[in-house]
Amino acid sequence: MTIKIPPSEIVIRPPVEAYSVLVPVTGGCSWNKCEFCGTYKGMYGIIQDYAIRPLKDVLSDIDSFAEKNYHGYPVFLAGGNPTSAPTDYLVKIIKYVRIHLKNVPRISCYAKALDILRKSDEELKKLSDAGLDIVYMGLESGSSIILRLMKKGTNAASMIEAGHKILNAGIDLSLYILLGLGGKKYSQEHVKETARVLTEINPTIFRFRTLNILPGTPLWEKWKTEEFKLLSPLECLKEERDIIANLGENVTSEVYNDHISNYCSLESANIQEDREKFIATLNSYINDPRIQSLPRKNLTRM
Ligand code: SF4
């Protein structure tokens, strides 16, 4: 049974924001069509329609966090893609956080490339000046073929443009890469194009996640009919190694494997400096007989 929940209820947040003050700004996802994603489509037994919360409700939540002395914590503006909301609305919220919560080390939110492209450079600068420090954006793959198959609603060129716009505005950018998203058929394409797009953008951070097909997602049906073939843990680790190996020399991003879906937890504060070590460690996993026969994680929730 699925129940519908209001936009004031938070469904997901990045693991890195686990100890942050979570301020619901939007509910659901303004796109909600990605084949692999069931976050707002009933995957957790809940459905949440897209909505922008009334400004007074958001400010009232911030007031109550201030009354409870939630000072000194990072603040995550929650919802699938708050950057879909009008810029002036977001600026008011960010400024309100900065005034009413003291010593906030970071304000962040999820962002979707299409929403970023709809904003002018001046609007993004306003968000940066108000105090938005970092956005988390799903690149998923640098391949336009895979992005189209997965109905991501963007292509490689628009991802690159959105990435540049964010960084040029002075906002840090954390991108998600979904290992295995091309399945067996497009694995090579996924590696080559993802490395190319990361090289073009040189994001502040990129984070690996591993595709785990969950009931309730459109991709689940394609997997059941074998139209889409999942990679093994070993193949996912090889994809990660090959993406890192194909990065341009200019890429200085931080890199993390900070998700339950991953088969390693490697990280780097600067992949330009750590590239060889990173690849050598991945190779040591890849050559380990225990990894070679490791079954896939069977996650029913993430
Ligand atoms: S992956 Fe992101 S953009 Fe795509 S449907 Fe899910 S929440 Fe929306």
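A short exchange on the model follows.

Mentor: This is a predicted model: local features need pLDDT of at least 70, side-chain atom pairs count only at pLDDT 80 or more, and totals for chains, interfaces and linings use all residues. Residues are numbered from 1 along each chain as its sequence is written.

Trainee: Which strands stand at the edges of the open sheet of eight strands?
Mentor: Strands are DSSP runs (E, at least two residues), numbered from the N terminus. Two of them pair if DSSP finds at least two bridges between them. The order is S2-S6-S7-S8-S9-S10-S11-S12, with mixed pairing. Each edge strand has a single partner strand, so one side is left without a neighbour in the sheet; these are S2 (21–24) and S12 (267–268).

Trainee: What is the bridge partner of Tyr256 in S12?
Mentor: Strand S11 covers residues 254–256. S11 and S12 pair in the antiparallel sense over two bridges. The partner of Tyr256 is Glu267.

Trainee: How far apart are the end C-alpha atoms of helix H1?
Mentor: Helices are DSSP runs too (H or I, at least four residues). The expected span is 1.5 Å times one less than the number of residues. H1 (residues 55–67) has 13 residues and should span 18 Å, which agrees with the end-to-end distance of 18 Å.

Trainee: Which element gives the largest share of the side of domain 1 that touches domain 2?
Mentor: Domain bounds come from an automatic or database domain assignment: domain 1 is 1–132 and domain 2 is 135–293. Contact means C-beta atoms, placed from the backbone, within 7 Å. By that rule, 29 residues of domain 1 touch 27 of domain 2. The largest share, five residues, comes from H4.

Note on methods. Two residues are in contact if their C-beta atoms, placed from the backbone, lie within 7 Å.
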